[in-house]
Amino acid sequence: MNREGAETFLRLLAEAQMRDQLAPDPPPWAGGPGAGRVRVSVVGQALTAVEALERETVEDILADFDLAVSLRQLHDQGPGPGRAVRMKAPRALQYGRPGPPPTQAAQAPRAPQAAGSAGGTLPAGTGSPGPAAPPADHDPDQGAADRFAPIGLALPFQADGLSGELYLMSFAHTGSGARLIVLWGKPTLSREHELGLQQAHPFPASLLTVTDDQGSAYELDVTYADGSDGVSQINLHPAPPDGIRWLEVAAPPGPAVRVNLHPADGPPSGEPVGRAPEISAADLSAGEQLLIMLADDLLMTAAQFPLPVRPELPARWPPAVTSPRVAQSMGTGLGDIIAGLEAVDALPTGSPIPARLAALCASLGIGGHQIAAAPADELPEPWLSLLTYYQRRKTDTAQVRDGFAAVTAALPELDGIRLALVGLHNTQGTTVLHVLARGVQRAARLGPHGINLDFPLSFWLRDSGGRWHAARPAGWHPADPEHSIALLLVPPLPRSTAWVEVLAGGRSGQVRARLPLRWGSPP
């Protein structure tokens with residue numbers, strides 16, 4: 001990694017952007033006021049993400065940029081009548097190591113080889129955009145203790161003026177303990193509570209009981225995951241021994257439902273699902289990872305804002321469309337990011353990803369990206385699928401029906417990260433996939449254009465109808481050592497889906513797994 005070259009590149013870029021921004025007749029690529037600073041900022045974030053620069057260095061360069069622009073503007077305006085302008089000379093945008101940071105430093109805003117996968121050997125995605133992470137240290141019982149079972153049952157309840165259903169999605173037993181992954185249905189209030197004559201209280205988890213086939217009862221406590229629309233974990237103490245065949249879960253007034261801890265993996269309708277995950281090696285650079293993450297987020301952003309097709313544009317790719325403003329803004333500085341990654345040896349010469357990113361921008365009608373590579377003739381299949389959804393979807397398209405599905409799988413380790421799928425649900429036109437993750441840290445690290453660096457894997461699903469769905473974190477409940485993460489799927493998953501194929505990838509490898517879905521209530 002050429003770290004000295006990274007600082008030099010960013011300072012040269014800052015000077016060039018300042019000249020363009022302050023020119024009497026600025027070139028068209030200069031953009032409006034503040035566009036130059038945005039470009040310097042996103043390139044600085046990219047170089048920080050691949051560990052070529054320290055964040056403090058980027059902040060120092062941005063502070064120098066702001067000061068130089070302010071002084072130049074004051075100089076151009078000239079002193080007012082009878083006034084003289086006296087101020088210290090600005091610290092130059094140096095090319096060596098920067099001096100001490102200013103008093104008020106500006107805060108920075110927030111490989112593929114085959115075209116059949118999204119940006120890499122798969123829709124490849126990324127560990128930290130720095131070097132591939134080594135395998136994480138596991139708990140002594142990690143692996144041997146891991147057990148997952150899909151459930152897909154509804155448990156009616158009625159207590160303290162509330163009635164409704166508790167949807168049991170899955171059972172998970174890992175080194176962090178045993179728990180039921182559940183979804184609380186919308187409760188119904190008694191007439192007294194509706195009229196305000198009595199105060200309604202949340203359903204107390206203490207009224208639930210869990211017993212096993214040996215007659216043993218378990219103590220329970222509830223963990224509510226943030227931002228996951230009522231999904232919770234009911235933790236069992238102690239964890240059921242490996243020999244336990246089933247659990248009975250009951251709530252007043254009953255009856256209990258039985259949870260099979262050793263379900264058969266019979267494929268529905270003869271479909272070849274439930275097979276062992278397929279693992280293959282990959283070798284992506286830090287820069288390639290970062291560009292793939294940008295492409296994934298750009299696709300997800302655009303796909304949530306469908307707009308009319310522009311048929312007059314070339315049709316080498318799917319018909320291009322006018323991209324929404326938020327997606328247009330994500331094109332800012334892409335060419336400079338690529339040039340910076342190449343300058344610090346984080347992006348290999350001849351990588352196909354810049355050309356694919358240029359083709360993606362062309363398909364979305366995003367201009368001003370200044371990517372030097374010619375657009376690629378082909379795009380990865382998952383990217384094409386999401387582009388097609390974006391271009392053909394109408395604004396009055398009916399929402400997917402609410403519901404939940406039982407699906408479980410423990411994926412092999414990728415770049416030191418272990419993921420386990422524990423269920424998904426549809427609500428208000430969106431689909432959320434719930435996973436347990438080890439080897440990640442919730443540090444709120446954001447890359448260029450706000451991409452989430454805390455979840456450094458690319459994650460895609462293909463449904464039984466052949467459509468691809470991209471996934472990124474929408475909710476995160478940190479815990480030690482296991483995190484509960486809610487992944488938003490774009491587009492949402494229809495209730496007609498019988499199975500999904502998961503593609504998860506990091507810099508060093510990829511995993512593919514085909515899994516059955518067991519849809520439950522509500523209808």
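This is a short tour of a predicted model, stop by stop.

Local features here need pLDDT of at least 70, side-chain atom pairs count only at pLDDT 80 or more, and totals for chains, interfaces and linings use all residues. Residues are numbered from 1 along each chain as its sequence is written, and side-chain values use heavy atoms, with hydrogens and water left out.

**Stop 1: the core**

Select L10, L291, I337 and L360. These residues have the most contacts inside the largest nonpolar core, which has 67 residues. A nonpolar core is a set of buried Ala, Val, Leu, Ile, Met, Phe, Trp, Tyr and Cys residues joined through side-chain atoms within 4.5 Å. Buried means under 20% relative accessible area; exposed means over 50%, and partly exposed lies in between (1.4 Å probe, protein chains only).

Now colour helix α5, residues 286-303. With 12 residues, α5 gives the most to this core. Helices (H or I, at least four residues) and strands (E, at least two) are DSSP runs, numbered from the N terminus.

Select V407, L489, A504 and W519 next. They are included in a second, separate core of 31 residues.

**Stop 2: helix α7**

Go to residues 334-343. Is helix α7 enclosed or open? It is largely enclosed by the rest of the structure, because 7 of its 10 residues are buried. Those buried in α7 are L334, G335, D336, I337, I338, G340 and L341.

Centre on I337. Leaving out residues up to four places away in sequence, I337 touches V42, V43, A46, L291, L294 and P448. Contact means heavy atoms within 4.5 Å.

Step just past the helix to D345. Its phi is positive, about 65 degrees.

**Stop 3: the strands around β8**

Select strand β8, residues 246-250. Most of β8 is covered, with 4 of its 5 residues buried. β5 and β8 run antiparallel, joined by 4 bridges. Two strands pair if DSSP finds at least two bridges between them. Look for V210, which stands opposite V249 in β8.

Which residue is the bridge partner of W246 in β9? It is N260.

Show the side chain of R258 as well. R258 lies over the face of W246, at 3.6 Å from the ring centre. A charge sits over a ring if NZ of Lys or CZ of Arg is within 6 Å of the ring centre and within 35 degrees of the ring normal. For another such case, jump to W499: R514 lies over its face, at 3.4 Å from the ring centre.

Return to the turn. β8 and β9 form a hairpin with 6 residues between them, and G254 in the turn has a positive phi of about 95 degrees. P253 is in this loop between β8 and β9. A cis peptide bond joins P252 and P253, with omega about 5 degrees.

**Stop 4: D454 in its loop**

Select D454, in the loop between β14 (430-438) and β15 (458-463). D454 counts as buried because its relative accessibility is 3%. A polar atom of the D454 side chain lies 3.3 Å from the backbone nitrogen of R445. Beyond its neighbours within four places in sequence, D454 contacts residues including V440, Q441, R442 and W476.

**Stop 5: A437**

Move to A437, in strand β14. A437 is at 0% relative accessibility, so it counts as buried. Not counting residues up to four places away in sequence, A437 touches R418, L419, P481, E482, H483 and I485.

The C-alpha atoms of T174 and E482 are separated by 9.1 Å, yet the two are 308 residues apart along the chain.

**Stop 6: two loops to finish**

Select E51, in the loop between α2 (35-49) and α3 (55-77). E51 is not a glycine, but has a positive phi of about 65 degrees. E51 counts as partly exposed because its relative accessibility is 38%.

End at Q370, in the loop between α8 (353-364) and α9 (381-392). Phi of Q370 is positive, near 60 degrees, in a residue other than glycine.

Methods. A polar contact is a pair of N or O atoms within 3.5 Å; within protein, one must be able to donate a hydrogen and the other to accept it, and residues adjacent in sequence count only if both atoms are side-chain atoms.
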